[in-house]
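Please look over the structure shown here together with the short briefing that follows. The notes move from model confidence to overall make-up, and then to selected side chains.

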Amino acid sequence: MQPLPRISRRPACPGRFRRAWRAAHEPVAGVSRRLRLAAYAVVLAVLPSSLWRLPSAFDHGIGIGERLYVVFLSVLSEAVAFTAFGLIARWGEVFPRWLPFVRGRRVPTMAAVVPAAIGAALLTFLWTGLALVTQIMGTTIRGDALPVDFPGSAGGWEEVWFHICYTPLILWGPLLAVLTVAYWKRRRAAEHSAMAPEAQPVSAKAKSLDGVRRHV
């Protein structure tokens, strides 16, 4: 008697990963293609600088605390940049199911707009304004002279590579501001459209009562 052939089962992980990716990145109705590209641009603008920092975490003579700080800073930067997708995806309008107490509830509009607007203003001031000015003037944020080993003044390919990785950060704040304004307009329009049907029966009822009064 021949043994039964084994039925190979495809792992469910790729399917789950695709669903999670789609849920995290897929835009809701009303989001234009430009806004979707802007959200991807935010993450891509932060990625080069995050990758540039990682090799320094493995330099000789650096302590374990500094290594963990460099890695944490890179991971944190990408995590903060990823929140830009919350301004175009469903999880930025409805709390995900894995969040206790608030799962499935609508995200208050201003609860998302206010932090995003503050973040956009700070990032624009820091990277688009202050960092650009200090780099041109050759000083630190406090106005002191740049250290001798500063990568932006090292010369050669090291300096070029530094500018290539950090220059995209100029776009972080402005792109986040564009996404924040678009999010606020979209949520506000949705709230107004949701309130419109409630006012319609009242007006119809008022018209019917007015007609009855005329006949009386």
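**Briefing on the predicted model**

Among the elements of this predicted protein model, helix α2 (residues 33–53) has the highest mean pLDDT, at 96, whereas helix α6 (residues 172–215) has the lowest, at 73. For the protein as a whole the mean pLDDT is 83, with 82% of the residues reaching 70 or more.

**Confidence**

- Over residues 212–216 the pLDDT stays under 50, and for these residues the model has zero contacts beyond four places in sequence.
- Where pLDDT is low, the predicted coordinates should not be read in detail.

**Overall make-up**

- The secondary structure consists of six helices and zero strands, which gives the pattern α-α-α-α-α-α when the protein is read along its sequence.
- Of the 216 residues in the protein, 28% are buried, and the protein exposes about 15,800 Å², of which carbon and sulfur atoms supply 68%.
- When contacts between residues at least 6 apart in sequence are considered, 67% of them join residues at least 24 apart.

**Nonpolar surface and helix α4**

- A nonpolar patch on the surface is formed by Met 110, Val 114, Ile 118, Leu 122 and Trp 184, which together have about 460 Å² of accessible area.
- Helix α4 (residues 109–137) contributes four residues, the largest share of this patch.
- Met 110 is found in helix α4 and counts as partly exposed because its relative accessibility is 46%.
- Leu 126 is also found in helix α4, and its relative accessibility of 32% means that Leu 126 counts as partly exposed.
- The C-alpha atoms of Leu 126 and Leu 169 are separated by 9.5 Å, although the two residues lie 43 residues apart along the chain.

**Aromatic pairs**

- A search of the whole structure finds eight aromatic pairs; one of them joins Tyr 40 and Phe 85 edge-to-face, at 4.9 Å centre to centre and with 85° between the planes.
- This pair links distant parts of the chain, since Tyr 40 lies in helix α2 and Phe 85, 45 residues away, lies in the loop between α3 (64–82) and α4.
- Phe 85 is buried, with a relative accessible area of 1%, whereas Tyr 40 is partly exposed, with a relative accessible area of 26%.
- The pair of Phe 82 and Trp 91 is stacked, because the ring centres are 5.7 Å apart and the planes are at 10°.
- Phe 82 counts as partly exposed at 30% relative accessibility, and Trp 91 is likewise partly exposed, with a relative accessible area of 27%.
- Tyr 40, Phe 82, Phe 85 and Trp 91 are linked into a cluster by ring pairs.

Methods
Residues are numbered from 1 along each chain as its sequence is written. This is a predicted model: local features need pLDDT of at least 70, side-chain atom pairs count only at pLDDT 80 or more; totals for chains, interfaces and linings use all residues. Side-chain values use heavy atoms; hydrogens and water are left out. pLDDT is the predictor's confidence in each residue, from 0 to 100. Helices (H or I, at least four residues) and strands (E, at least two) are DSSP runs, numbered from the N terminus. Contact means heavy atoms within 4.5 Å. Patches are made of residues with over 30% relative accessible area and no salt bridge: like charges are joined within 9 Å, nonpolar side chains (Val, Leu, Ile, Met, Phe, Trp, Tyr) within 5 Å. Accessible areas come from the Shrake-Rupley method with a 1.4 Å probe; for residues, only the protein chains shown count as cover. A salt bridge is a side-chain nitrogen of Lys or Arg within 4 Å of a carboxyl oxygen of Asp or Glu. Buried means under 20% relative accessible area, exposed over 50%, partly exposed in between (1.4 Å probe, protein chains only). Rings of Phe, Tyr and Trp (its six-membered ring) pair if their centres lie within 6.5 Å; planes under 30 degrees apart count as stacked, over 60 as edge-to-face and the rest as tilted.
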